[in-house]
Amino acid sequence: MQTHTFDNGLRVIFEHKDSDVVYCGYVICAGTRHEESADSGMAHFIEHMSFKGTERRRSYHINNGLERVGGDLNAFTNKQETVYYATVLSEDFPRAVDILTDLVFHSTYPQAEIDKEVEVIADEIESYLDSPAELIFDDFEAMLFEGNALGRDILGRAERLREYTTADARRFVDTHYRPDNAVFYVTGNLDWKRVLRELNRWSSPMSPVSPIGSKRLISPMSSISPIVPSTRIIEKGTHQAHVVVGAPTFGGHEAGPKRYAIVLLNNILGGPGMNSRLNMSLREHAGLVYSIDSYLTTYPDAGWWCVYFGCDIDDVDRCLRLVRKELQRLATAPLSAARLAAAKKQIIGQLTIADNNAESYALALGKQYAHYNTQRSSAAIVEGIRAVTAEDILQLAAEIYAPERISTLIYK
């Protein structure tokens, strides 16, 4: 693994892989939480508009630039960052760098294109509102982080989006789309010097600028009043109830065994395995749900865990009792040595298999370097999980699963 920082502040991370397929992209540290309070959906809006024309290319040339050589170009926005990424053969890496750098740093955001694309985003919002199993996670996060930018909706409001202009786009981009606020990541069968040469070719014209620190527009979690747990029921008129139970927890900067214990604990509770405690209790034994899972979301300065399930409206209370029972078991009864060893073996196997998804691995490489300026190797993660003790699990479960910390959101 190799890294470099150019004079303009752009950071690069590269890992050689014995494959002719290259995965690369820009991680821009500009997500929903970096928006000003009045700029609903701005980060996601910029992601869409970046594909609508640059100083050198029209939208057709951007969209066709990699597809015509069999490659792929895409992007996504979340709370913490916006990512523009490409998949190409190694011989087409220079083309990918050129197009990615062009659309990220040289887009023009023409008003005519804004007026068209905003209706596409409005349709995306409507589609999302029709998906309660997805929407409930955003509403729950808004509950947990009320008053903080982490509670904002990624897509924004259609009525506000229709007011945006080229000047609005430029204001956000000039603040956040800067080389010193970005990381370029790449994996594949490439020469490191070639990677630097191509990036330098297209990024060197961008000069260093004043530090972005005071312009990040982030409301740190430390500045927010303690979060008060709550229970909310929202009438949605759905055929089944959708339920999320969860609470805030620590962020990715947390050091020590808790960093690994929480990943292991979440997997035991409701990970993807059919043998998770929640799946065994609510599906296999009680027959109350089709699926039930627990999730862990981590930002540098904050995080949250949750359990999600859908069930018959008449079964909500029974399902909630069973969920709370499993949380209480993990918080009061230590795992036996055999169960702990089995849990570790399971998640290490899952992580090792996941590492074989080359695109996801490359993306994780870039995001980790962008937000923490480091990269924990797979071997280090495995070592950290192996070091977790039953007492670590017990103490952490007692802390984050404490009933007085837990919020509940129900769609009926």
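## A salt bridge across the chain

In this predicted model, arginine 171 and aspartate 39 join their side chains in a salt bridge, 2.8 Å from N to O. A salt bridge here is a side-chain nitrogen of Lys or Arg within 4 Å of a carboxyl oxygen of Asp or Glu. Arginine 171 sits in helix 7 (residues 166-176), and aspartate 39 in the loop between strand 3 (21-28) and helix 1 (42-49), so the pair ties together parts 132 residues apart in sequence. Helices (H or I, at least four residues) and strands (E, at least two) are DSSP runs, numbered from the N terminus.

Aspartate 39 is buried, at 3% relative accessible area. Arginine 171 is partly exposed, at 33%. Buried means under 20% relative accessible area, exposed over 50%, and partly exposed in between (1.4 Å probe, protein chains only).

The structure holds 23 salt bridges. Lysine 17 pairs with glutamate 15 at 3.3 Å, N to O. Lysine 17 is partly exposed, at 30%. Glutamate 15 is buried, at 13%.

Arginine 232 bridges to glutamate 146, with the closest N and O atoms 3.3 Å apart. Arginine 232 lies in strand 7 (residues 231-234) and glutamate 146 in the loop between helix 5 (132-144) and helix 6 (158-161), so this pair links parts 86 residues apart in sequence. Arginine 232 is partly exposed, at 34%. Glutamate 146 is exposed, at 56%. Salt bridges with shared partners also join Glu36, Asp39, Arg160, Glu163, Asp168 and Arg171 into one network.

## Nonpolar cores

A nonpolar core is a set of buried Ala, Val, Leu, Ile, Met, Phe, Trp, Tyr and Cys residues joined through side-chain atoms within 4.5 Å. The largest has 70 residues; Tyr26, Phe45, Ile46, Tyr84 and Phe184 touch the most other members. Helix 3 (residues 93-105) gives the most to this core, eight residues. Another core, of 45 residues, lies apart from it and includes Ala261, Phe309, Val323 and Ala397.

Beyond four places in sequence, isoleucine 46 has contacts (heavy atoms within 4.5 Å) with residues including Tyr84, Phe172 and Tyr177.

## Confidence and conventions

The protein chain averages a pLDDT (the predictor's confidence in each residue, from 0 to 100) of 92, and 95% of the residues score at least 70. Residues 213-225 stay under 50. Where pLDDT is low, the predicted coordinates should not be read in detail.

Residues are numbered from 1 along each chain as its sequence is written, and side-chain values use heavy atoms, without hydrogens or water. Local features need pLDDT of at least 70 and side-chain atom pairs 80 or more, while totals for chains, interfaces and linings use all residues.
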